[in-house]
Amino acid sequence: MQESDGSPPVIFALASGLSRAAIAVMRLSGKGSGRIVESLCGRLPAPRRASLRGLWNRQGPTPVLLDRALVLWFPGPDSYTGEDSAELHLHAGPAVINAVADALVALGARPAEPGEFSRRAFGNGRLDLMQAEGIADLIDAETEAQRQQALAQVDGAQSRLYQQWADRLRTLLAHQEALIDFPDEELPPEVEQGLLDGLTALHATMAAYLREGAGAERLRRGLVFAIVGEPNVGKSSLLNALAGRDAAIVSARAGTTRDAIETRIVLGDVPVTLVDTAGLRETEDEIEAEGVRRSMFHVKQADCVVQVFTGSTLPPRLEEGGLLVCNKIDQQPAPEGAIGISVLTHAGMDVLQTVLAGKARALTAGRANAPLTRARHRAAIEETAHHIGRALSLAWPEMRGEEMRLAMRALGRLTGVVDVEALLDTVFGQFCIGK
């Protein structure tokens with residue numbers, strides 16, 4: 001249902017989630033929010049000041065009190081969405097929430113789709129696409145490092161950097177257009193040389209940014225550490241010890257682990273998924289063989305491989321880049337080049353955890369300011385750099401100018417300046433209801 005002037009309908013959602021709590025926050029946004037709030041509580045409170053009001057359903061012959069709630073009124077454009085908005089801080093009982101939701105629908109509002117509040121904020125210029133993605137990351141942040149990374153994106157660190165690149169590219173494109181439009185004029189030769197120097201410097205900046213950005217991408221999604229080794233070397237016991245709980249079944253029988261078992265922990269303020277894999281060995285058991293095949297898949301996909309073994313000699317087959325861990329040092333010492341532990345006695349576990357935490361921090365290290373956090377960002381910057389590289393290789397001004405325009409378009413997709421409609425459903429669809 002739209003307002004009579006054709007503006008988008010009022011939307012509402014429970015922003016505080018459905019978990020048991022004392023308070024539930026119901027958000028409204030859209031032209032007509034003021035009319036709905038007035039119907040519920042008689043008159044609008046002062047802007048941005050909490051006011052205790054009775055909420056009434058006045059649709060029937062006799063008004064019905066729904067709840068006594070704190071009501072906040074945010075007139076547009078000075079609101080999160082840029083529209084007239086309100087918040088109802090309700091008692092969090094399911095009956096209260098349902099009754100208020102029914103009253104809102106009766107007054108012409110509708111439940112919001114996932115990410116619809118933030119999409120309206122984007123549409124009204126309250127935030128750009130990068131900031132919107134940062135909000136999604138902030139909601140999902142598990143660790144302090146992820147929180148800081150997402151908050152920098154919400155505050156516009158990435159947007160400012162990419163805007164600086166766009167400004168530099170726009171200036172260079174203007175110089176290129178001058179060379180195209182005035183070929184017979186006596187333009188100073190340093191104009192073209194300055195253009196080429198500027199493109200070269202911008203291309204180098206983007207290439208360095210891409211090289212440094214892998215760590216930030218890993219921090220956002222979290223790491224995967226695969227625990228591999230032959231049967232009965234203590235892989236499952238190690239996973240349980242690192243997780244601090246019995247996540248995997250431990251048995252003296254070889255081949256107990258047939259499929260990968262995953263558990264999420266935090267190492268060095270980085271979320272890490274530990275994967276306990278099937279023991280690596282030749283087997284005629286069809287199910288166990290499939291487990292071994294899947295183990296090798298996890299080895300190839302993992303950010304770090306923890307190769308567990310026992311005995312006084314290193315395994316004959318070493319995983320490239322793997323971390324060698326010798327278990328059962330309570331029975332015999334670890335060989336040189338391996339971290340010795342005993343899951344049984346906990347000997348060496350502190351050292352191993354310190355090494356793993358350092359590995360996690362090293363894998364997620366990168367730019368502290370404006371980090372590269374998503375594959376979408378990387379693809380757009382790679383495309384931009386590709387077109388700039390093409391422009392540098394072309395002598396004809398018109399063709400060089402076209403490549404520069406394509407670079408501007410690719411860069412604009414990062415913040416949503418151009419060509420973004422195909423991206424919006426994907427970006428905002430990952431949000432929770434009410435954000």
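Colleagues, the structure is a predicted model, in which local features need pLDDT of at least 70, side-chain atom pairs count only at pLDDT 80 or more, and totals for chains, interfaces and linings use all residues. Residues are numbered from 1 along each chain as its sequence is written, and side-chain values use heavy atoms, with hydrogens and water left out.

Let me begin with the whole chain. It holds 14 helices and 12 strands; these are DSSP runs numbered from the N terminus, helices being H or I of at least four residues and strands E of at least two. Of the 435 residues, 48% are buried, where buried means under 20% relative accessible area, exposed over 50% and partly exposed in between, with a 1.4 Å probe and protein chains only. Among contacts with a separation of 6 or more, 60% are between residues 24 or more positions apart; a contact means heavy atoms within 4.5 Å.

I turn to the sheet that contains β1. This open sheet of six strands has the order β3-β4-β5-β2-β1-β6, with mixed pairing; two strands pair if DSSP finds at least two bridges between them. Its edge strands, each pairing on one side only, are β3 (51-57) and β6 (110-111). Strand β1, residues 11-14, is parallel to β6, and two bridges join the pair. Within this sheet, Ile11 stands opposite Arg110 in β6.

Two helices lie across these strands. Helix α2, residues 94-106, lies across β1, β2, β3, β4 and β5 and runs at about 10° to β2. For such angles, axes are lines fitted to C-alpha atoms, for helices over the stretch in contact, and the values run from 0 to 180 degrees between N-to-C directions. Helix α3 lies across β1, β2 and β6, at about 135° to β1.

Helix α1, residues 33-41, is largely enclosed by the rest of the structure, because seven of its nine residues are buried. Those buried residues are Ser33, Gly34, Ile36, Val37, Ser39, Leu40 and Cys41, and what covers them includes β2, β3, β4, β5 and α2. Just after α1, Gly42 takes a positive phi of about 95°.

Arg120 sits in helix α3, residues 116-123, and is buried, with a relative accessible area of 10%. Where does the side chain of Arg120 reach? It reaches the backbone oxygen of Pro9 at 2.8 Å, a polar contact being a pair of N or O atoms within 3.5 Å; within protein, one must be able to donate a hydrogen and the other to accept it, and residues adjacent in sequence count only if both atoms are side-chain atoms. Not counting residues up to four places away in sequence, Arg120 touches Pro8, Pro9, Ile11, Ser29, Gly30, Thr81, Glu83 and Arg110. Glu83 is 37 residues from Arg120 in sequence, with 8.2 Å between their C-alpha atoms.

Ser79 lies in the loop between β4 and β5 and is buried at 5% relative accessible area. A polar atom of its side chain lies 3.1 Å from the backbone nitrogen of Gly82.

The other sheet to describe also has six strands and is open, with the order β8-β9-β7-β10-β11-β12 and mixed pairing. Its edges are β8 (261-267) and β12 (339-340), each pairing on one side only. All seven residues of β9 are buried, so this strand is largely enclosed by the rest of the structure. Val270, Val272, Leu274 and Asp276 are buried on one side of β9, and Pro271, Thr273 and Val275 on the other. In a regular strand, side chains alternate between the two faces of the sheet. β9 runs antiparallel to β8, joined by seven bridges, and parallel to β7 over five bridges. The β8 and β9 hairpin has two residues between its strands, and Gly268 in the turn has a positive phi of about 60°. Helix α9, residues 235-243, lies across β7, β8, β9 and β10, running at about 155° to β9.

Finally, a helix pair. The axes of α12 (375-393) and α13 (397-415) come within 8 Å and cross at roughly 170°, which makes the two helices roughly antiparallel; angles over 145 degrees count as roughly antiparallel, under 35 as roughly parallel, 65 to 115 as roughly perpendicular and the rest as oblique.
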